Amino acid sequence: MLDVIVWLLAVELLGLLAFPILFALTPWLPDRGYTLAKPAGLLLAFYPLWLLASSPLVSNGLPTLLFVLLALAAASGLVAWRLRADLRDFLQREWRVVLLSELVFLGVFALWAVIKSHDAAINHTEQPMDFAFLNATLTSRRFPPQDPWLAGHTVSYYYFGYLIFGGLTRLAGISTAVGYNLALVLVAALAAVGIFGLVMNTVRLVGGSLRAAALTGFLGVLFLLGVANLVSGLELVRAGGGGSPELWQWVDIKGLDGPLKSSNWYPSEPGWWWWRATRVIDTVQGGRSLDYTITEFPFFSFLLGDLHPHVMSLPFVLMFLGLVLNYLVSPARPGWRWLISWGGARDALVIALALGALGFINLWDLPVFAALFAGAAMAKAYSVQDTLGRAAKSALATAVPVVLLAVVLYLPFYLSFDSQAKGILPVKEYITRPFHFLVIWGLFLLIAVPLVVWELASVLRSRPRRWQTAAIALAFPLLPWLVWTLVEGVLAVVPWLDCVIYKGASPCTAPEIAGMAWRRLLHLLPLILLAAAAVYVALRRVHSAAAEPGPAPAPEQQSQRLKHFQWDASAAARAFPLMLLALALLLLIGAELFYLVDVFNNRMNTIFKLYYQAWLLLAVVGSYALYYLGSRYSRASAWIRIPGYVWAGLVVVGMVALVYYPLAAGYTKTSGLAGKATLDGLAYVDRESPGELQGIQWLKKNHRPGDVIVEGVGDDYSSYGRVSASTGIPTILGWVGHEQQWRGSSKSFEGRLQAVESFYKTDSPQEAEVILRLYEVTYIIVGPREKAKYGIQDAKKFDALGDVAFQEGDVVIYRVRR
């Protein structure tokens with residue numbers, strides 16, 4: 001309990017330090033950035049730490065972190081003192097917002113803390129990998145951190161999230177075994193308050209009351225963290241014994257093989273039944289998976305417990321969305337004049353810092369959300385320029401420097417990062433079955449479509465209709481399909497190229513390409529039309545926000561050098577959810593056309609990462625849409641209200657269906673909250689092998705910079721590599737398959753697997769010593785895994801090589817003699 005309290009105090013402290021700065025930077029948000037303050041505090045604390053420790057002059061440690069925090073406190077205190085009157089007025093006026101935000105944060109934190117306390121073990125899927133990176137950011141004196149599973153090499157992965165939460169663990173003074181689980185809990189709570197604030201700000205900007213905004217914000221939290229896809233409803237039907245064998249065969253989701261009535265209110269079949277909700281999309285022929293994909297969603301992520309980059313990025317993405325909203329509704333005119341003004345340069349720097357952090361935490365987020373900012377700049381520019389060319393020029397003058405700065409600010413990471421990606425290729429014949437697509441996105445689309453239709457009808461009633469805007473809006477979602485068709489056409493014209501890329505696949509003729517392009521267009525047409533309508537409405541709304549140049553609405557909040565124009569923030573805010581919807585739809589369209597080439601050579605990771613981003617975006621859109629439609633149905637005519645009731649009934653049924661999975665899966669995964677509660681992720685090791693846990697704790701306490709261990713090497717997703725993962729001390733080789741994924745090949749660790757095996761199996765101390773010196777090993781681990789795998793019978797060889805530094809039970813740690 002003390003660990004939790006100290007952890008929360010550290011997070012609240014960072015949020016308080018960041019808030020005065022955000023208060024000054026977000027004058028156009030009703031909450032003045034309060035709901036963004038905690039992730040902003042983490043960024044403002046650990047970006048300087050990373051930058052300093054990436055140099056040869058400063059080491060990564062608590063003294064450096066405290067120095068950064070003192071500097072942050074000084075800057076924050078100066079800003080707070082200068083804005084003390086405004087801050088006092090804000091707190092008197094918006095104390096309800098502050099209270100509600102803290103209640104959301106603490107409520108979600110408490111909920112997930114209870115869940116994780118009954119499922120704390122760091123022992124399955126890729127949790128050991130995440131734990132290894134978390135510990136590596138603490139044991140490494142410089143950045144990038146040393147790879148704990150490949151001694152002598154640095155981490156080849158985006159590691160900023162691990163650095164942030166590892167650093168927070170150090171600041172709180174708790175063990176990483178507890179900090180790992182608290183980091184998961186914290187990410188959920190930060191994501192909850194982030195989407196709550198984003199949705200609440202949007203609703204208030206369009207004229208909604210605080211009560212309506214808060215209720216809509218709660219819906220946003222539910223959509224993001226509290227629901228599953230429609231597999232949830234299928235699980236409910238199946239657990240009740242419903243559905244014929246033919247129906248389940250038609251559904252064709254792996255694991256849902258037929259009716260299976262449960263003896264309980266939740267599926268009672270053995271194993272992880274809740275896993276199959278994230279493996280919906282696939283094409284299976286003859287029992288062979290041809291289009292294996294991952295369709296993960298946030299609730300599953302937190303329940304599973306992998307501290308992956310796409311999970312850790314959630315609150316930081318929401319923080320960036322808040323900054324984009326602030327930019328969109330501000331009266332600043334886009335273009336180079338904005339960039340060279342004091343206020344514009346300051347805002348651009350903050351947006352770039354947040355955008356760059358997204359790429360450092362989860363590289364997939366950088367291009368996606370850079371495109372969102374560019375789209376916001378384009379919408380603003382198009383609203384005040386008389387030609388499309390001038391609008392594009394102004395938008396590029398705004399967006400390109402910001403995106404370049406986002407990369408430059410994190411340049412040490414990009415210079416050291418070696419991506420395993422080999423390019424982008426068009427998706428061939430295996431695409432998503434429409435039913436499976438609706439299983440994942442059906443409820444979100446049911447809510448979003450009426451929003452777009454209503455808004456479209458509203459803007460079409462106004463004059464002028466701007467056919468040029470309609471053409472731009474249609475071109476936006478059609479462009480990916482046109483590029484895909486062009487690439488396929490090139491492959492058809494140059495058949496040998498198609499053969500090289502697809503490794504012997506039969507090349508298509510031009511007529512076949514044309515037919516395939518037409519079928520793919522029909523497959524995507526509903527999404528293309530919906531995205532085009534969303535873009536059209538967004539552009540029209542932003543255009544309606546602009547008027548002739550004039551004085552700034554709030555000159556005391558902007559630089560006098562910054563040129564303003566009359567600006568309706570409410571109209572601009574109405575465009576924001578439609579921009580998010582268009583981006584989400586573009587991601588879904590893109591996943592049907594292209595995939596990132598990696599070691600798996602399929603679209604598994606493309607679907608995985610793009611769908612995850614789309615889920616967050618549609619959670620914002622869905623909650624806002626319910627507010628928007630609900631506020632208008634009551635004033636609508638009868639011919640709209642009657643179908644509206646039917647639609648509302650379908651939404652309620654869908655929500656009930658989507659909530660079943662979190663309840664049932666949470667109950668199953670935690671065994672009904674049975675057993676002793678703990679947040680210590682290594683407590684299970686104490687039960688399995690007390691000596692190993694004590695050895696891990698001894699190494700964490702006594703290791704020195706530059707230490708290297710040797711331990712047994714086994715299969716990925718196993719207990720092998722546990723000592724290095726739990727301490728962050730590099731070992732000769734850890735999970736072989738994952739190292740190959742991160743580095744794209746086995747070239748950097750060739751011979752290491754055989755070297756470790758030779759070291760443990762040889763009877764010659766001289767031969768073993770050569771291996772120790774080659775990899776600069778300082779500690780030898782001899783435990784139950786090493787004895788079982790390599791058939792170790794006695795300790796004579798190890799006694800000749802080193803001294804016993806630790807011994808407990810069946811675990812011995814030798815310190816190598818030099």
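At 0% relative accessibility, Ser232 counts as buried, because buried means under 20% relative accessible area. The model described here is a predicted one. Ser232 is found in helix 9, which covers residues 231-239. Leaving aside residues up to four places away in sequence, Ser232 touches Ala657, Leu658, Val659, Tyr660 and Tyr661.

Tyr661, one of the residues touched by Ser232, also takes part in an aromatic pair with Phe299. The ring centres of Phe299 and Tyr661 are 6.2 Å apart and the planes stand at 80 degrees, so the pair is edge-to-face. This pair links distant parts of the chain, with Phe299 in helix 11 (residues 298-304) and Tyr661 in helix 25 (residues 638-669), 362 residues apart. Phe299 and Tyr661 are both buried.

A search of the whole structure finds 62 aromatic pairs. Another of them joins Trp149 and Trp742, whose ring centres lie 6.4 Å apart with planes at 15 degrees, so this pair is stacked. It too links distant parts of the chain: Trp149 belongs to the loop between helix 5 (127-139) and helix 6 (160-172), Trp742 belongs to helix 29 (residues 736-743), and 593 residues separate them. Trp149 and Trp742 are both buried.

| Charged residue | Ring | Distance from ring centre |
|---|---|---|
| Lys38 | Phe105 | 4.8 Å |
| Arg632 | Tyr628 | 3.8 Å |

Helix 1 spans residues 2-25 and helix 4 spans residues 84-117. Their axes come within 13 Å and cross at roughly 145 degrees, and the crossing is right-handed.

Technical notes. Residues numbered from 1 in each chain as written. Predicted model: local features only at pLDDT ≥ 70, side-chain atom pairs only at ≥ 80, totals over all residues. Heavy atoms only, no water. Axes fitted to C-alpha atoms, helices over the stretch in contact; angles between N-to-C directions. Helix = DSSP H or I, 4+ residues; strand = E, 2+ residues; numbered from the N terminus. Left-handed = near helix turned anticlockwise from the far one by under 90°. Phe/Tyr/Trp six-rings, centres within 6.5 Å; stacked < 30°, edge-to-face > 60°. Buried < 20%, exposed > 50% of the residue type's maximum accessible area, 1.4 Å probe, protein only. Lys NZ or Arg CZ within 6 Å of the ring centre and 35° of its normal. Contact = heavy atoms within 4.5 Å.
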